[in-house]
Amino acid sequence: MLVRRIARPLLAAPFVYGGISTLRKPQDRVPGARPVVEKIADTADKQLPVQVPKDVQQWVQADAAIKVAAGSLFALNKLPRLTALVLSASVVPTTLAGHRFWEHDDPTERFGQISNFLKNAGLLGGLLLAAVDTEGKPSVGYRARRAARKAADGTEKSFAKAQKRAAKAQKQAEKRIKKARS
């Protein structure tokens with residue numbers, strides 16, 4: 001559909017552009033990302049058997065690379081549902097790190113942060129819609145339920161046929177036994 005061909009690159013553009021910009025100058029994003037990265041790393045260290053890297057710049061660069069790769073694939077309509085899901089997962093920590101409007105007292109700064117926070121929330125909504133868009137084709141869940149139902153119906157029919165054949169064979173055996181006794 002033409003709308004998807006136009007909408008996907010438009011939705012991917014901020015991620016690709018922002019990712020490239022961040023890869024060029026990751027140090028600009030490090031201060032804002034520090035509180036979120038530290039919280040994620042501390043939580044992960046407590047729950048995972050391996051130690052998670054705590055280098056904030058490394059996390060920022062990894063997030064930027066993910067955005068460029070997933071955004072490019074999404075814009076090119078390659079694995080659109082998966083890439084939309086990946087982008088939506090990357091938008092949450094970015095928004096929490098970069099647009100902490102609740103920490104600003106200056107009304108102008110606060111308004112700018114709220115605007116960007118809501119813009120990212122809108123992008124997240126669009127990505128979630130894209131992640132569930134089956135392009136008019138039945139979903140995997142629907143196809144799995146349909147296949148299971150067909151298999152169950154086929155099994156029931158085969159079982160019924162087998163019961164009829166067994167009953168017929170039993171009647172024939174009974175007739176042969178009667179005939180042999182007489």
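**Overall fold**

The model is predicted. The chain has six helices and zero strands. Read from the N terminus, its elements run α-α-α-α-α-α. The radius of gyration is 29 Å, well over the 16 Å that the globule rule gives for 182 residues, so the chain is more spread out than a compact globule. Along the principal axes, the C-alpha atoms fill a box of roughly 110 × 45 × 30 Å.

Buried residues make up 24% of the 182 residues. The accessible surface comes to about 13000 Å². Carbon and sulfur atoms account for 61% of that surface. Among contacts with a separation of 6 or more, 62% join residues 24 or more positions apart.

**Helix α4**

Helix α4 spans residues 80–98 and has 19 residues. From first C-alpha to last it reaches 26 Å, close to the 27 Å expected at 1.5 Å a residue. Its buried residues are P80, T83, A84, L87, S88, S90, V91, T95 and A97. Which helices do the buried residues of α4 pack against? They pack against α1 (2–24), α2 (30–47), α3 (56–75) and α5.

An α-helix has 3.6 residues a turn, so residues three or four places apart point the same way. In α4, the buried set includes P80, T83, L87 and V91.

**The aromatic cluster**

The structure holds three aromatic pairs. Two of them involve W102 and are listed here.

| Pair | Centre to centre | Angle between planes | Geometry |
|---|---|---|---|
| F101 and W102 | 5.1 Å | 80° | edge-to-face |
| W102 and F117 | 6.3 Å | 85° | edge-to-face |

The pair of W102 and F117 links distant parts of the chain. W102 lies in the loop between α4 and α5, while F117 is in helix α5, 15 residues apart. F101, W102 and F117 form one aromatic cluster.

Is W102 buried or partly exposed? W102 is partly exposed, because its relative accessible area is 41%, between the 20% and 50% cut-offs. F117 also counts as partly exposed, at 22% relative accessibility.

**Residue Q113**

Q113 sits in helix α5, which covers residues 107–132. Its relative accessible area is 11%, so Q113 is buried; the cut-off for buried is under 20%. What does Q113 touch, leaving aside residues up to four places away in sequence? Its contacts are G98, H99, R100, F101 and H104. One of these, F101, is a member of the aromatic cluster with W102 and F117. Another, G98, falls within the 80–98 range of helix α4.

Note on methods: Residues are numbered from 1 along each chain as its sequence is written. This is a predicted model: local features need pLDDT of at least 70, side-chain atom pairs count only at pLDDT 80 or more; totals for chains, interfaces and linings use all residues. Side-chain values use heavy atoms; hydrogens and water are left out. Helices (H or I, at least four residues) and strands (E, at least two) are DSSP runs, numbered from the N terminus. Buried means under 20% relative accessible area, exposed over 50%, partly exposed in between (1.4 Å probe, protein chains only). Contact means heavy atoms within 4.5 Å. The expected span of a helix is 1.5 Å times one less than its number of residues. Rings of Phe, Tyr and Trp (its six-membered ring) pair if their centres lie within 6.5 Å; planes under 30 degrees apart count as stacked, over 60 as edge-to-face and the rest as tilted. The radius of gyration is taken over C-alpha atoms; the globule rule is 2.2 Å times the number of residues to the power 0.38. Accessible areas come from the Shrake-Rupley method with a 1.4 Å probe; for residues, only the protein chains shown count as cover.
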